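Please consult it alongside the sequence and coordinates.

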Amino acid sequence: MAIDERADVTPQYSILDETVVDSTTALGSSNTSTKKTVLETNEFEYSLEEKKLLRRINYITTPFIFIIVFLQYLDKITLNYSAVMNLFEDTDLTENEFGLSGALYYIGFLVFLLPNQYFMHRFPLSKYMGVLLVLWGATLGCTALVNNFAQLAALRCLLGFFESGATPSILMLIALIYRRREQSMIFSIVPSTMAFGGAMGGLIGYGFLNMDGISGLSAWRWYMIVLGCATSLVGVVVFIFLPDRAQSRWFHLTPAQRIIVQEREQDSAIVQQKTINFEHIKESVKESRLYCYILIAFLLNLVNGAMSLYSTLIIKTLGHFSDAQSILFSIPGSIIAIILISLAAYLSKRFQENGYIGVLGCVITILGLLFLIVLPEGGAILAGIFLSIIGQQYTIFLSMSSVNIAGYTKKSFYIGTATVTYCIGNFIGPILLQESFAPRYIPALIIMIAAVALTALLFLFLRWGYKRENRYRQQLKSENKLPEETESVEDDDLTDKKNLHFVYQP
């Protein structure tokens, strides 16, 4: 494995060509089939034809990524804003039942993870995600009909079930279409869009407050109905029009661009496969970094699960704001999150650095959680709400766990296992904020601070391991002990461990 073991340097491995950029290695690309390796440089130059192709890919693909992630997050957090829209009164919920309703979403999410791995291999991503969007939109719309905790809990669990496939599919889509050096910026769309969804959710929720009582329905019921219908409609569009592979007909590739796409597939080291390679899974479970990634996903989402569900209630109770003000004050926090996420993605790309930036993101989150403990009640508490976010380091986590893993089944397995602990963290997070701890929830906040601090240490360990492995592979190259590179990504589907030309991005 990349961190714990040395790959066996034997000629029986057929090695694919890797196009990467980091502090030790970069590979060039042109609009011909000739491959060129350039060592000891950070520079990478796109041909004019590839720049044109990349613009087209961005214009066509990123709007789909944005709208799918936006709707997934917005639909998930409807419960947060519904808390100040008479949800408690209409359903006779207690605060602990409210927290459990939010947590049960991740039980459904978790149950569908294994089937999701199968479906991602068997069906085109566009068709698969389109169906999921239609189903979870219908489920959200039906949530407007609930009148008690049992009904709400069942539908929240079902909503998580159908939303479960969206994020892994989006991450796989990015890995299939983009070069590794491009992925950190594209991955930042995911948490940035979630933050944007939080901001827009506040504005939309404020608007729905004005619909309270129309046709005898509370504002939160209208919220569910309208968003559910919009989600299902988007699902139909995704089913028909989403480009789900690098060679998609929606990119209208010229013959020259098809050659470039083949080189880009070499770079990403991943092409969708229809069968599961169990050797990839066996290799993965022997790697310590797999357990680092699943721990990071768990620890960060303890914070995310709690704050994404309870932030509006905390603003209202500790800040002493009205219902409408509590919703609106969630918007600046989302804007700050977008800024921090974008900054993390920029710094990662600018300096070809992941580990240290992940640690810096953890420091910011810890400061926010400390502010929630020590700052006096009132408007000052907003500083804690605005900084106790995990988006900036989660961007680094997504990028780091994708660009450093090659092989379709291996990448799917890494995504799937990390998503399991993502669910567990988001499930436990809201439960930590027990009603008896209100309004400060100090015991829960202390646990979250410890979780984020441990995450920072895991980022440092991953960085150390990747740097060590890169030095080892560079030494092999300098001693001419690397086997020959082969031409085809699709035929070989090599993992990063077996492809000794693969360069990690720490």
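Which residues lie nearest the centre of the second largest cavity, and how many residues line it? Leu171, Phe397, Leu398, Ile415 and Thr419 lie nearest the centre, within a lining of 20 residues.

This is a predicted model, in which local features need pLDDT of at least 70 and side-chain atom pairs count only at pLDDT 80 or more, while totals for chains, interfaces and linings use all residues. Residues are numbered from 1 along each chain as its sequence is written, and side-chain values use heavy atoms, with hydrogens and water left out.

**Second largest cavity**
- A cavity is a set of points, on a 1 Å grid over the protein atoms alone, where a 1.4 Å probe fits but cannot get out; lining residues have an atom within 4 Å of a point.
- The space in the second largest cavity is about 250 Å³, where a volume is the space filled by probe spheres set on grid points joined across faces, edges and corners.
- Helix H8 (166–177), H10, H19 and helix H20 (408–432) each give two or more residues to this lining; helices are DSSP runs (H or I, at least four residues) numbered from the N terminus.
- H20 gives the most to the lining of the second largest cavity, with 6 residues.
- The lining of the second largest cavity comprises 15 nonpolar, 4 polar and 1 charged residues, with Ala, Val, Leu, Ile, Met, Phe, Trp, Tyr, Cys and Pro counted as nonpolar, Asp, Glu, Lys and Arg as charged, and the others, Gly among them, as polar.

**Largest cavity**
- The whole structure contains 6 cavities of 30 Å³ or more, and the largest has a volume of about 520 Å³.
- Its lining has 30 residues, of which Tyr73, Asn304, Ser308, Ala337 and Ile389 are the closest to the centre.
- Elements that supply at least two residues of this lining include helix H1 (48–76), helix H10 (189–209), helix H16 (330–351) and helix H19 (391–403).
- H14 gives the most to the lining of the largest cavity, with 7 residues.
- By class, the lining of the largest cavity has 18 nonpolar, 11 polar and 1 charged residues.

**Cysteines**
- The structure has 0 disulfides, a disulfide being a pair of cysteine sulfur atoms within 2.5 Å.
- Cys292 counts as buried because its relative accessibility is 6%, whereas Cys157 counts as partly exposed because its value is 24%.
- Buried means under 20% relative accessible area, exposed over 50%, and partly exposed in between (1.4 Å probe, protein chains only).

**Confidence**
- The protein chain has a mean pLDDT of 83, and 88% of its residues reach 70 or more; pLDDT is the predictor's confidence in each residue, from 0 to 100.
- Over residues 1–42 the pLDDT is below 50, and this stretch has 149 contacts in the model beyond near neighbours in sequence, a contact being heavy atoms within 4.5 Å.
- Where pLDDT is low, the predicted coordinates should not be read in detail.

Terms used: 1 Å grid on protein atoms, 1.4 Å probe; cavity = no way out; pocket = protein on both sides within 12 Å on 5 of 7 lines; lining within 4 Å.
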